[in-house]
Structure formats: C-alpha cells, structure tokens
Amino acid sequence: MIRMRHALTHLTLAAALAAGLGLPSTGFAANGQTPRAGQTLQAGQNLPLILKDKVVLDHADLMLSDVFANLPEGFDQRLADAPAPGERMVLGARQIWQYAQAFGLNWRPERSKIAVVVTRASLEVPMETIADKIAQRLATEYVEDEFDLDLFGRSSNMFIAANEGMQLDIHSISYDPRSKRFDATVSANGGRMTQMSGKVVAMVEVPMLRRHAMPGQVITEDMISWERVAARRASVTTVTQRDDIVGQTARRPLTAGVPVRLTDLKPNLLVTKGELITLTVRTGTMTLTARGKALESGTRNAVIRVTNVQSQKVVEARVIGPDMAIVEPASLANLVALNG
C-alpha cells in the first residue's frame, strides 16, 4: 500500500494554518483564492459530488477529479503520484474528507468505512520475455550450445504501465555450469529489481513426423519437420541427421510428433538379393539391356554385384530404381560381360 504522506502533510498544514488565521476550515479553492468567511464552495450545476470507489489511472498523477465525479470546472488539483504499476493505494474516509476540506468541497463521508482503491493501468511482464533477455545474456557470457531456459515460478510479478513501452535490464547474473542453474536480477522500465532464478536446459534439433507412418512406408522430405527438444529426450539412437530418415522405411508404426530412433527405420531397398532385375548400359551411341540376378540388396544409388543371367558374368551396377540398375561403361570388359 502506498500512502501519500507528503500530499497529506501539505493539506493538513494548510487546514491548520487556515484555522489559526480564523479562516473557515474548508481550505483553498482550485484557483488559489480563499473562499469568503463562512462560505463553502459548492459543486456547480446542481450535480452532487460522487465518490469513486475504484480508480484505475492511465497517467502518472492522482488528481482530485480521479477521486470525485462531477467536480466543478477549475477545482481539479494534483494530489500525489500515481501508484507504481502493479501496486495500489487505498484512501480512507478521513483522508478523503481532508482532501475535500482542503480544496473547499462541500462533501462529508456518509459512513466511516468507505475507501477509494487506486491502481495504475498495468501489464505484467511475460515470463517468456524475461527468459529471452536472460538467454541472450547467458549465450553471450556463459553457454555456447543450444539451450532453453526453465524459469522457476509461473508469474514474473513485474509490471509496467499499460501506456508505456518496455525496457528490461539485467543488473547482475550468475551461472553454475555444473548444476546448470542461474540467478539474475532484473528490472522493467527502471522499476524495482526482481530476482529471477532457473535452469539451463540443453536442446537438440531432431526430425519428427508430421503424420503417423505405417510399417513399410517410405519417409519423404515433406513428412518431417525439425523441432527443438530437450537433450534429455534424445539418446544416442535418436535420429538427428536428414539422411538417416529421408528415404528410409518405417520398420514399425511411427507416431507423429515423437523423436524417431534409428532402430525404428530400415533402408528402403529397391533391389533385393536374389531377385531378377534389369541391367542397363548407356554409351554415347547405344543403350544395352539385359537381365541380371542381384547378389546383394541395395538402396537407391547403392553399388551392388549382379550376375548377368545370359553370360553368368558378375558386374557391378548402381541401383537407380525398383529392380533396376545401371552399369557404368568403365571398361569394355563390362560390355562384353553384359552381352555374354
């Protein structure tokens, strides 16, 4: 609670001075003139003064018009500083009556248990914003690897005026690399300093499926998205490289949004050992084809050994599609072997 001691001191002294000089205790008008003896200044236009019970300020000063509705023109006065963002002040019945007396208003409290609660229109500083600021400082001074922050607490308890921009300042920061814990002293817009603590969480970027995959389904580029996850969710078997997942086949049902393990996948074999395949040799002037028997299984672009069915000669061929391989004309012997 904020108490307006300075403002009240001035008002009380003014009332005491008026009494000592034989002036009415109604005090001073807004224009600085003293009412005539025995006269009390009234709210004009037959509108009664209405005391507000809740006041939310969007400015830096608490004014008399913030406390009373129907205040006549020319009577407004500054009473005190507005409360800090996120805090409040409470004006009790006696305090409000003293204001009325000091500024020549014909108002008395109807009961003793009345109060005006004054707050500042405020916004709480988001925890995410604070975490980003602290992370920048940690990355500059302490931590080199990819990381996120786990801030302790659900609320920052830091506020700024709703009509102001935000300036976060980190006054001090410490970090323990063994426990991964940090402590930082932060303030917003020059307000009170707040202690923030938390832990650094190591992160790693891994591919995850956008949709479920069934056994035997080939994983394509458009099926995956790269997501940052806590390193503790990954292991040595977690897929972290594109080539370890794109073009591979699901060995078992795979769930979307979950890190994929190397053991969840198997190569997408376009040629299987023992199957008959089509062999092709291309040169600048001709194209030759023949039937061959695969001596090895192979994925796309894998080089495997193949037996020419007609000549029974073994050649090396590069897999280019399902049951298809191409023989590079590295030597005439390959052509001869292929033609039998």
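First, some ground rules. Residues are numbered from 1 along each chain as its sequence is written, and side-chain values use heavy atoms, with hydrogens and water left out. Because the model is predicted, local features need pLDDT of at least 70 and side-chain atom pairs count only at pLDDT 80 or more, while totals for chains, interfaces and linings use all residues.

How confident is the predictor? On pLDDT (its confidence in each residue, from 0 to 100), the protein has a mean of 84, and 83% of its residues reach 70 or more. Residues 1–45 stay under 50, and for them the model has 72 contacts beyond four places in sequence; a contact means heavy atoms within 4.5 Å.

Now the overall picture. The secondary structure comes to five helices and 21 strands, taken as DSSP runs (H or I, at least four residues, for helices; E, at least two, for strands) and numbered from the N terminus. Of the 340 residues, 37% are buried: buried is under 20% relative accessible area, exposed over 50%, and partly exposed in between, with a 1.4 Å probe and protein chains only. Take the contacts between residues at least 6 apart in sequence, and 54% of them join residues at least 24 apart.

Next, the inside. A nonpolar core is a set of buried Ala, Val, Leu, Ile, Met, Phe, Trp, Tyr and Cys residues joined through side-chain atoms within 4.5 Å. The largest one has 24 residues, and L62, L64, V67, F68, L91, L105 and V118 touch the most other members. Elements giving two or more residues to this core are β2 (54–57), α2 (64–67), β6 (88–92), α3 (93–102) and β7 (115–120), with α3 supplying the largest share, five residues. Apart from this core lies another of 23 residues, among them I134, A135, Y175 and V200.

Finally, the rings. Phe, Tyr and Trp (its six-membered ring) pair if their centres lie within 6.5 Å; planes under 30 degrees apart are stacked, over 60 edge-to-face, and the rest tilted. That rule gives two aromatic pairs. F68 and W107 sit edge-to-face, 5.4 Å centre to centre with 70° between the planes. They are 39 residues apart, F68 in strand β4 (residues 68–69) and W107 in the loop between α3 and β7. F68 is buried at 1% relative accessible area, and W107 counts as buried at 11%.

Y142 and Y175 make the tilted pair, at 5.7 Å and 50°. Y142 counts as partly exposed at 36% relative accessibility, whereas Y175 is buried at 14%.

Definitions and conventions: pLDDT is the predictor's confidence in each residue, from 0 to 100.
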